Amino acid sequence: MSDVQRFEHGSRVPGWDDAADLTKDPAVIPDPQTTPVPAELRTQIEAEMARYPAGRERAATIPALWAVQRHYGWCTPEGIVQAACVLEMTPAELIAVATFYDMFETRPVGRNTVYVCTNISCSLCGADELLAALRDEIGEDPDVNLRGFECLGACDIAPMASVNGAYIGPISLDEVPELARQIREGAEPLPAKRLVLRPSADPKVSASTPEDA
Amino acid sequence: MTDILLFRDIDEPGLATIDVYERRGGYQALRTALKTDPAELIETLKGSGLRGRGGAGFPMGLKASFIPQGDMQKYVVVNADESEPGTFKDRELMQKNPHQLIEGVIIAAYAVGATKSFIYIRGEYEEQADILDAAVQEAYAKGYLGENVAGSGVELSLHVQRGAGAYICGEETGLLDSLEGRRGNPRLKPPFPANAGLFQGPTLINNVETLSALPHIVELGAETYSAIGVANSSGTKLISISGNVQRPGNYEIELGMSSRDIIYGLAGGPPEGREVKFWFPGGSSSPVLTADDLDVGYDFDSIAKAGSMLGSGAIIVVDDSQSVVDVCLKLAHFYAHESCGKCTPCREGTNWTEKMLGRVKDGTATPMDLDIMASVQQRIIGNCLCVLGDAMAMPVSSMIAKFRGEFEAHIEAARAAADRAAVGVAG
């Protein structure tokens, strides 16, 4: 029998090395007197809070985390404390939410977000090869946050990617160098392949429009 | 000739703007609805036979009738989280015709007496959310939303809330928790959202496509609408076809059409020289069907009789060049990644299924692992608060049952290859 593999801290699972410090008081709602919040961030979060019924303002956690991510590029610890201060929640409650959702980044990442869908329909059409090629082409660029992502809801343009929110596809491997260059330079990615420009696939639809017009 | 309802004028330039939508007859159904008694409107919805288009297929009118009467704060929530792999119909509806959805929301809110409504859209759909935001602002400016909806004295607010990437938020109670600002963990039911939903208030929660059909039902009347399609599956349905087909995309069909006509006729079938190996009839959560099932009618009852489900209406076609092991592993990986972790059978079951399939793939499994895997699936189904675990267990079970020979052959081949590699390294 081989020995059970253990991490440095003795556990069989990673990430359990930071034991709770029981001598410290639990984290509380940050004190507005000692927590400066950038005015722009405060305005955005307060506007979101106003959309919910009185007493239910905590519903604005997800929009608040989006505001933090827009402001700092990722959900930074200080950004989370600032949002918690405005929302009157503890930072831990916000961290619990931030770590649940795939699109919230809790580690520093590049500002250009590129998701390549690697779910069933896209992988049937070559998504894994697309992701590998894009990874090779982009390399270790600190400005690019390239991730394989679960179904992005655009299986009709498989294999596809979302570049800073813009859906493009189908992307052929020949187009990868051009796409990588556009991502690096901040240019519009593969403009001709934008999903929003794509007509409906249903032939009845194109047939119906002229006679109705 | 199939009726075109949801996709009517869908490629008309500017349809996403209120001017073009109104010129095309938009918001007329709302005016008709506002002149009708809410109870009568719910009867119309019931009579239309419209079943939910999100996946479960629950009768929409019946769901609306569960909302209690009274003066408490009620809500309408639109499930625009569309995250079922293979499904992309709501995306096209919201992007190209957002006012059709908004009109449907207002009709539904009026029918159940809700004064606040939310559209919860998945965070990845940034372009669609921007379009919806603009359309909602237009509807406010034109007086279709706000304190006096179209001069009727009825009040309704509508807000577009963006998610942040989690499949589980498409589950209605997970969605409600997310909308309340928490992790998207499903709730114990009952109570159902109709009694205790958003902020514990009575909540009608429906899919984008379901609500987008409402203006058409009001316009046509229950009788005409229910005459479209077949018994127990009335109306038109948007289907998303993807995978190994020549013309992937969204198509509006009359329910009951033959699956072969959809896959081969509309979508052009698999690429030249390839055959259909198997297909998912209703998103990746539905048990797979094979080429033998192509003549099944595409409606709720016929697909159920064939041993699967219509689900979200997303057909994924897999051709004979693909390995069932790869597809199965992709699928298990997805559900293991998306399991919220609240219920043990799902959290552990999806995780271990993925690991076992990984062993099948790399040649360290034995044929007995297939039996263990099949029994794990049976221990997930029906044992959790929501159906995410079932959504993996059902297709995985069906793939093992229908392609067991291929799994066994793969195990043998991969093990032989691994052994050869090990000998090569040692030598």
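Buried area is the accessible area (1.4 Å probe) that two parts lose on being put together, summed over both. I need that term for the first entry.

**Ground rules.** I am working on a predicted model, where local features need pLDDT of at least 70 and side-chain atom pairs count only at pLDDT 80 or more, while totals for chains, interfaces and linings use all residues. I number residues from 1 along each chain as its sequence is written, letter chains from A and number ligands from 1 in the order in which they are written, and take side-chain values on heavy atoms, leaving out hydrogens and water.

**Chain B against chain A.** I looked up the interface and got about 4800 Å² buried between chain B and chain A, with 57% given by carbon and sulfur atoms. Chain B puts 69 residues into the contact and chain A puts in 54; contact means heavy atoms within 4.5 Å. I find 3 salt bridges across this interface (a side-chain nitrogen of Lys or Arg within 4 Å of a carboxyl oxygen of Asp or Glu). A:D128 and B:K330 make a salt bridge at 2.9 Å, N to O. On the chain B side, helix α14 (residues 324-338) gives the largest share, 7 residues. Helices (H or I, at least four residues) and strands (E, at least two) are DSSP runs, numbered from the N terminus.

**Inside chain B.** I have three domains here: domain 1 (18-226), domain 2 (230-317) and domain 3 (324-416), with bounds from an automatic or database domain assignment. The C-alpha centres of domain 1 and domain 2 of chain B are 26 Å apart. These two domains of chain B bury about 1600 Å² between them, 48% of it on carbon and sulfur atoms. On the domain 1 side, B:R51, B:R53 and B:F88 lose the most area to domain 2, together 32% of what that side buries. I count 2 salt bridges across this domain interface. B:E209 and B:K237 pair through their side chains at 2.8 Å, N to O.

**B:N97.** Is B:N97 buried or exposed? I find it buried, with a relative accessible area of 2%; buried means under 20%, exposed over 50%, and partly exposed in between (1.4 Å probe, protein chains only). B:N97 sits in the loop between α5 and α6 (98-112) of chain B. Leaving aside neighbours within four places in sequence, B:N97 is in contact with B:L6, B:I10, B:L15, B:Y21 and B:E92.

B:D295 pairs with B:R260, the closest N and O atoms being 2.9 Å apart. B:D295 lies in the loop between β11 (289-290) and β12 (297-298) of chain B and B:R260 in helix α12 (residues 259-266), so the pair ties together parts 35 residues apart in sequence. I have B:D295 as exposed at 53% relative accessibility and B:R260 as partly exposed at 33%.
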